[in-house]
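The exercises below take a reader through one structure step by step. Work through each task before turning to its solution.

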Amino acid sequence: MRPSGIILAALVAAVAPALPAQDADTGRAVHLLNRAAFGARPGDVARVLALGVDRWLETQLHPDRIPDTTLTRYLASLDVMRRSPEEIGRVVRDALVERRARQVRAARDSTRPMEPADAGGSPLRRYPAQLQQAALARAVLSERQLYEVLADFWVNHFNVFMAKGNELALMPAYVEETIRPRVLGKFEGLLVATAQSPAMLMYLDNAQSVAEGAVPPVLAGQRGRGAGRQAARRDSLRARLEERMPKGINENYARELLELHTLGVDGGYTQADVVAVARILTGWSVRRRGAPEFEFNDWAHDGGDKVVLGRTFHEQGMDEGLELLAFLARQPATMRHVSAKLCMRLVSDVPPEGCIDAGVHAWERSDGEIREVVRAILRSPEFWAPEARAAKMKTPLEFVASAVRAVGGRPDSTPALAALVGRLGQPLYLQAAPTGYAEREESWVNSGALLERFNVAMGLAAGRLPGVWYDADRLVPLESDPGRLADAVNAALLTGTAGDATRSTMRRQLADIRDPAAARVFAIGLALGSPEFQRQ
Amino acid sequence: MPCDCSTASMDRRVFVRAGTLALVSLGLDPIFLTRAAYANRSTAQPPNRQKTLICVFQRGAVDGLNMIVPHGDAAYYRERPRIAVPPPGKDGGALDLDGTFGLHPALAPLLPFYRAGSLGIVHAVGSPDATRSHFDAQDYMETGTPGRKGTADGWLSRHLAHAADHRETPFRGVAIGPQLPRALRGAAPALAIGDLQAFGLRGRGRARDRIEAAFEEMYAGAATGLVASSSAEAFEAVKMLRTADPARHQPGNGAEYPRSPFGQAMRQLAQLIKAELGLEIGFADLGGWDTHVNQGAAQGQLAARLRDLGAGLTAFATDLGERMADVLVLTMSEFGRTVAENGNAGTDHGHGTAMMVLGGNTRGGRIHGRWPTLDEGARFEGRDLAVTTDFRTLFGEILEKHLGATELTSIFPAFEAVGSGLGVIG
């Protein structure tokens, strides 16, 4: 079918919406704030312009040099951040044990419905909700914006679902100690840290993976020694333990390590490689007594030779796994796959080849320093190309964070805003699939989700959204002329990106509203709900 | 199709589709076109009457052996001294189905459907994967790829994406609840609706209409690609719901839904069907099946959950009446529970379970699938009911014979026995 001239012309307009007049530097600053940050706050564009795009970016690449007092003060209002991850973990574990005991008691004495809901004050509700809220607050309030964008990226790349079981207790340490300190470090360091984290070991079952026929020392002794009741009890305990003992390797982590964390699904590995990786990692487990920590169980380790991608790994106990991770972190397929994912996040749903190449070259030069890879991507011509502007749909987290930032809003200390992100389809730390949340727009655009975004936009504008406060007077002065009001809102909230259709709709819709305060609320709501604001 | 789409809006949508083809012919293949391409294949009128599949997920692993009681298998009573449902005829006994199996007495309202041949049961059905993790097993059942964790989309979504002939309506796939279940996530659009009456823009009367009109105008003018088609769908859905007003459909034939969340979910699904909105896949969840402790026998915790299930299914089938010829309800659960009761008069995570198929062309009034027996030697890993029917065999047969699916190998990849069929659907 040959497209007619009219369709072609319309298509050009549809594919590349005309950017409104905006000087080149402002356009660059807006683009950078959309991708290397969670959108612009009032005044941010001017601040980037004053510093210069390059220097702003350089500063963001060294977050430890940026003071972050507003965020620090905010986080101190959250219980979950005031206490150490270990302490939170212990409290949550105790609460899990208590809940099980309560269920047993409840079930014993009545036929009440099972699994009584945990009250809002229970650590099992409060801490996960606060952990989600901390992530949202960091996106909104932190001055270290690029760092927070990348923290979100890596938490998602090395996804763990916090509601599978005891992961609820492991999540604070996973976020605060495993991922966040390594966000801009060496990829290998991140890979090893996640591989040895109790959260990942439990979530993808490597803690259960043992060599074929391996027997733990506690079961290695002779059966049925001694006589009488004690021996019988010991035997029954042993039978129960034996029944629960893993019977061989579990490939789950090995497969996702290759497919998602390193090589990528087309990274050239086979099922035999998956099995070999699982065998290398047998024995990588979690300490059962006391606080959960990484533990290597020699008895569970498979001592034979294994071949991964043509390379033979000889028996070396735990070091074999470290050698494997170092090997995987340096594979060309890994460099490409991870660079492409970063480009997908930072540049476009379909990562441009030039961007991927820039990431790979920086990776090779720096032996996998994430800071260098990210710098190369953000300086690549593909990042700055016109077709990359406004090319990405905001995820629910990005939409909520950028909307609150756009109005200069402040989250309160309740987890309401994080819950909102969940209602929009992205409950944080609760993506069950190891793939993490999708980066492509088709995962986020659907009719129900759009309607909810309109509701959020109007609710936030009207000050009806729980969990956040903003000052409309500081944002946009009262204005009775609809044209001038539309322009002021466009400048303040959309960094001047509203297209003709959006501006004319706004003007028309505002024309008959007499009350300037009501008109302002409506205009702010329309701006936050506009097609332009859904993109970045 | 009850759609009063204005000409302008129709033109725009036609344009979006024409644009799709044009882009492809130019060698461009933007991702957003995937969905538009599915929509393209659709026809304005359904080729046949609208067929609907309702999936009810019993999350937490139902004890299939106390739901559909193998009272003719001696091992059942031997292994469950405290929690077995008594044999038929005894006080609180199972309701005999075929001399070997019986319904739990709390499911009594379903017995007439079985006798009338519209309720069929598949026993010893489940996953070929040995996992006893709720999380993993639910994931496997919803993605339709047991043993494989990386699958991004659900089997129901893949069906919606592959189905060649369908009405183009935003209500093809609807889950009642706050979020889409994994089974419905993927490239095909689907809606999660907590409450039909609250779907759409919030606000009252004219203020709400005003906001809706403003966004509709704005998106008609400024949105592109997938956002344009999805927003058009959204406003269309809101208008369709307002026109169809599903809430006006009161339960028919004297049906009484339980006031439980499950009962209300089933009631809303029935309303969507009666409102003729083109519902093809409906989904409802029902939890509370993880009966490790004191699960009870004829009475007790499990009985209470089954009562809710039975009452909800019965109300739904009664309400829809003759329409049930086009509607099929399938219950599923991630795995079953141990044959033997545990030390707490409950049951632990097991393997095979039972699923119910109600309505449509179900060859009901019988137990489908091969019964492996509860003999110790026949059990899975020596302790659980073995699986003799892969759940994909059942799901695949329903998609093929009830919904007319032709792409089973894409919906259940790497499943060789797909399409072999059980004979559950006539």
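A residue is called buried if 20 or more other C-beta atoms lie within 10 Å of its own, exposed if 12 or fewer do, and partly exposed in between. The model treated here is a predicted one.

**Exercise 1. Carry out the steps of Exercise 1 for A:His157, and state how far it is from A:His261 in sequence and in space.**

Solution. A:His157 belongs to helix α9 (residues 145–157) of chain A. Beyond its neighbours within four places in sequence, A:His157 is in contact with A:Lys341 and A:Gly436. As for A:His261, a stretch of 104 residues in sequence separates it from A:His157, while the C-alpha to C-alpha distance is 6.7 Å.

**Exercise 2. Describe how helix α22 (residues 396–406) of chain A is set into the structure, and how α8(A) packs against it.**

Solution. First look at burial: eleven of the eleven residues of α22(A) are buried, so the helix is largely enclosed by the rest of the structure. The buried residues include A:Pro396, A:Glu398, A:Phe399 and A:Ala406. After the helix comes A:Gly408, which has a positive phi, near 65°.

Now turn to the packing. Two packed helices are described by the angle between their axes and the distance between the axes. For helix α8 (residues 123–141) of chain A and α22(A), the angle is about 50° and the axes are 9 Å apart. The two helices are therefore oblique to each other, and α8(A) passes α22(A) in a right-handed crossing. On the α8(A) side, the residues that take part are A:Leu136, A:Ala139 and A:Val140, and they meet A:Leu397, A:Val400, A:Ala401, A:Val404 and A:Arg405 of α22(A).

**Exercise 3. Work out which strands pair with β5(B), in what sense they pair and over how many bridges.**

Solution. Start with the strand itself: eight of the eight residues of β5 (residues 119–126) of chain B are buried, so this strand is largely enclosed by the rest of the structure. Strand β10 (residues 353–359) of chain B runs antiparallel to β5(B) and is joined to it by five bridges, with B:Val125 standing opposite B:Thr353. Strand β11 (residues 367–368) of chain B pairs with β5(B) in the parallel sense over two bridges, and here B:Val122 stands opposite B:His368. Strand β12 (residues 389–390) of chain B also pairs with β5(B) in the parallel sense over two bridges, with B:Asp390 as the bridge partner of B:Gly126.

**Exercise 4. Find which residues lie on each face of β6(B), and name the strands that are bridged to it.**

Solution. Strand β6 (residues 173–176) of chain B has B:Gly173 and B:Ala175 on one side and B:Val174 and B:Ile176 on the other, and all of these are buried, so both faces are covered. Three bridges join β6(B) to the parallel strand β8 (residues 281–286) of chain B, where B:Phe283 is the bridge partner of B:Ala175. Another parallel strand, β7 (residues 191–193) of chain B, is likewise joined to β6(B) by three bridges, and there B:Ile193 is the partner of B:Ile176.

**Exercise 5. Give the order of the strands in the open sheet of three strands in chain B, and identify the edge strands.**

Solution. The order is β2-β4-β3, and the pairing is antiparallel. The edge strands, each of which pairs on one side only, are β2 (68–69) and β3 (95–96) of chain B. Two bridges link β3(B) to strand β4 (residues 102–103) of chain B, and B:Leu95 stands opposite B:Leu103.

Notes
Residues are numbered from 1 along each chain as its sequence is written. Chains are lettered from A and ligands numbered from 1 in the order in which they are written. This is a predicted model: local features need pLDDT of at least 70, side-chain atom pairs count only at pLDDT 80 or more; totals for chains, interfaces and linings use all residues. Helices (H or I, at least four residues) and strands (E, at least two) are DSSP runs, numbered from the N terminus. Two strands pair if DSSP finds at least two bridges between them. Two residues are in contact if their C-beta atoms, placed from the backbone, lie within 7 Å. Axes are lines fitted to C-alpha atoms, for helices over the stretch in contact, and angles run from 0 to 180 degrees between N-to-C directions. Angles under 35 degrees count as roughly parallel, over 145 as roughly antiparallel, 65 to 115 as roughly perpendicular and the rest as oblique. A crossing is left-handed if the near helix is turned anticlockwise from the far one by less than a right angle, and right-handed if clockwise.
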